[in-house]
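Subject: Structure for your review

Dear colleague,

Please find the structure below, together with its sequence. My findings follow it, and I would be grateful if you would read them with the structure open.

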Amino acid sequence: MAGLIRIIIQRLLLGLVTLLVVSVIIFTAVNMLPGDFAEAILGQGATPEAVAGIREELGLNKHPVIRYFEWLAGVLRGDFGTSMSQALFQSYTGTSTSSGLGTVAEQIAPRFGNTIFLATVTATVAVPLAITLGILTALYRNSVFDRAMNITTLTSISSPEFFLAYIVMLFLATLNPLFPPVSSIYADMSFAERLEKTVLPALTLTLVITAHMMRMTRAAIINLLASPYIEMARLKGLSPMRVIVKHALPNALAPIINVVALNLAYLITGVVVVEVVFVYPGIGQLFVDSVINRDIPVVQACCLIFAAAYILLNLLADILSIISNPRLRHPK
């Protein structure tokens with residue numbers, strides 16, 4: 001148990017160091033984006049004095065190293081800063097925000113909640129479906145069912161998300177108007193209405209991630225079917241399904257957990273395209289709008305949340321893999 005706790009602590013520390021390095025990369029990359037916020041706000045007819053005044057007011061004239069550490073210190077306090085657009089609006093109108101978290105956090109919180117809702121709906125359907133299909137295709141490998149599923153999943157994997165989104169929208173919203181094509185979500189919606197608006201983007205994401213998880217589950221189980229203990233179980237007269245579920249699946253949990261965690265991370269970090277297509281008010285849509293507006297604090301906060309979610313889910317998968325497979329605790 002002590003060894004397991006030590007490994008978990010090591011993984012967590014490694015994740016924190018990785019997130020710190022990623023924060024440097026995010027800050028550097030975002031500040032290297034072409035264009036200038038002040039010029040974008042003032043337009044092409046902006047005078048150098050007006051541009052300099054806005055840059056001074058927003059702190060854009062400070063050295064990048066100073067701005068990075070100020071931003072990092074704010075993040076550690078839970079303060080992502082104030083949106084540049086909102087700060088400029090407050091300056092012109094003389095208003096101010098009273099929230100301790102800042103305007104960026106106020107903008108991100110409801111959007112992130114919408115993205116989590118979409119990811120939860122998708123994962124609730126996709127994960128059990130993918131594992132079940134993976135077990136069945138391994139059980140009936142090389143059959144017509146297995147070949148049909150392989151063709152279907154390869155088609156799904158090979159198709160871009162926006163293409164699948166438009167296909168789903170064509171058949172379920174245009175030709176057969178069963179669901180609304182635009183996912184307009186707002187705060188006071190009932191659960192049933194929110195779920196109805198989320199069906200099409202959730203279905204698109206389900207088609208994408210189910211294929212990956214199903215193929216990994218199938219491959220992990222088939223790799224174990226030639227093991228001696230599997231042959232022994234067969235010689236005892238156990239049914240093929242019992243052999244797979246009771247003997248092969250528990251030893252295939254490590255790679256399955258990893259691929260499930262990667263796809264769950266994708267549901268948070270890779271939903272940008274799907275949210276834009278369906279105009280879903282999630283963090284991906286906010287990220288795209290902020291990039292267009294050159295709103296640096298919001299872009300940095302979105303990128304950091306994406307990175308933190310990806311790193312956290314990978315750490316969770318790593319820890320669960322170690323717990324599920326004692327051999328990983330003793331690599332020698």
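I begin with a contact between two helices. On one side, helix 12 contributes Leu-253, Ala-254, Ile-257, Asn-258, Ala-261, Leu-262, Leu-264, Ala-265, Ile-268 and Thr-269. These meet Phe-306, Ala-309, Tyr-310, Leu-313, Asn-314, Ala-317, Asp-318, Leu-320, Ser-321 and Ser-324 of helix 15. Sorted by class, the residues of this contact are 14 nonpolar, five polar and one charged. Please note that the model is a predicted one.

The axes of helix 12 and helix 15 lie 9 Å apart, at an angle of about 165°. Angles over 145 degrees count as roughly antiparallel, and helix 12 is therefore roughly antiparallel to helix 15. The crossing of these two helices is right-handed.

Phe-306, which belongs to helix 15, has a relative accessibility of 9% and so counts as buried, the limit being under 20%. Apart from neighbours within four places in sequence, Phe-306 touches Ile-268, Thr-269, Val-272, Ile-283, Gly-284 and Phe-287. With Gly-284, the C-alpha to C-alpha separation is 9.5 Å, across 22 residues of chain.

Gly-284 leads on to helix 14, which spans residues 283–293. Its buried residues are Ile-283, Gly-284, Gln-285, Leu-286, Phe-287 and Ser-290. Helix 6, helix 13 and helix 15 are among the elements that cover them.

From helix 6, the contact involves Val-104, Gln-107, Ile-108 and Phe-112; from helix 15, Pro-297, Val-298, Ala-301, Cys-302 and Ile-305 take part. Eight of the residues in this contact are nonpolar, one is polar and none is charged.

I turn next to the nonpolar cores. The largest holds 48 residues, of which Leu-205, Ile-209, Met-213, Ile-221 and Phe-278 touch the most other members. Two or more residues each come from helix 6, helix 8 (161–174), helix 9 (191–224), helix 10 (228–235), helix 11 (240–251), helix 12 (253–269) and helix 13 (272–277). Helix 6 is the greatest contributor to this core, giving twelve residues. Ile-221 illustrates the packing: beyond its neighbours within four places in sequence, Ile-221 is in contact with Ile-135, Ala-138, Ile-244, Ala-248, Leu-249 and Ala-252. There is also a second, separate core of 27 residues, including Trp-71, Phe-287, Val-298 and Leu-304.

Finally, some figures for the chain as a whole. Its secondary structure consists of 15 helices and zero strands. Of its 332 residues, 42% are buried. Where contacts join residues at least 6 apart in sequence, 70% of them link residues at least 24 apart.

With kind regards

Technical notes: Residues are numbered from 1 along each chain as its sequence is written. This is a predicted model: local features need pLDDT of at least 70, side-chain atom pairs count only at pLDDT 80 or more; totals for chains, interfaces and linings use all residues. Side-chain values use heavy atoms; hydrogens and water are left out. Contact means heavy atoms within 4.5 Å. Helices (H or I, at least four residues) and strands (E, at least two) are DSSP runs, numbered from the N terminus. Ala, Val, Leu, Ile, Met, Phe, Trp, Tyr, Cys and Pro count as nonpolar, Asp, Glu, Lys and Arg as charged, and the others, Gly among them, as polar. A nonpolar core is a set of buried Ala, Val, Leu, Ile, Met, Phe, Trp, Tyr and Cys residues joined through side-chain atoms within 4.5 Å. Buried means under 20% relative accessible area, exposed over 50%, partly exposed in between (1.4 Å probe, protein chains only). Axes are lines fitted to C-alpha atoms, for helices over the stretch in contact, and angles run from 0 to 180 degrees between N-to-C directions. Angles under 35 degrees count as roughly parallel, over 145 as roughly antiparallel, 65 to 115 as roughly perpendicular and the rest as oblique. A crossing is left-handed if the near helix is turned anticlockwise from the far one by less than a right angle, and right-handed if clockwise.
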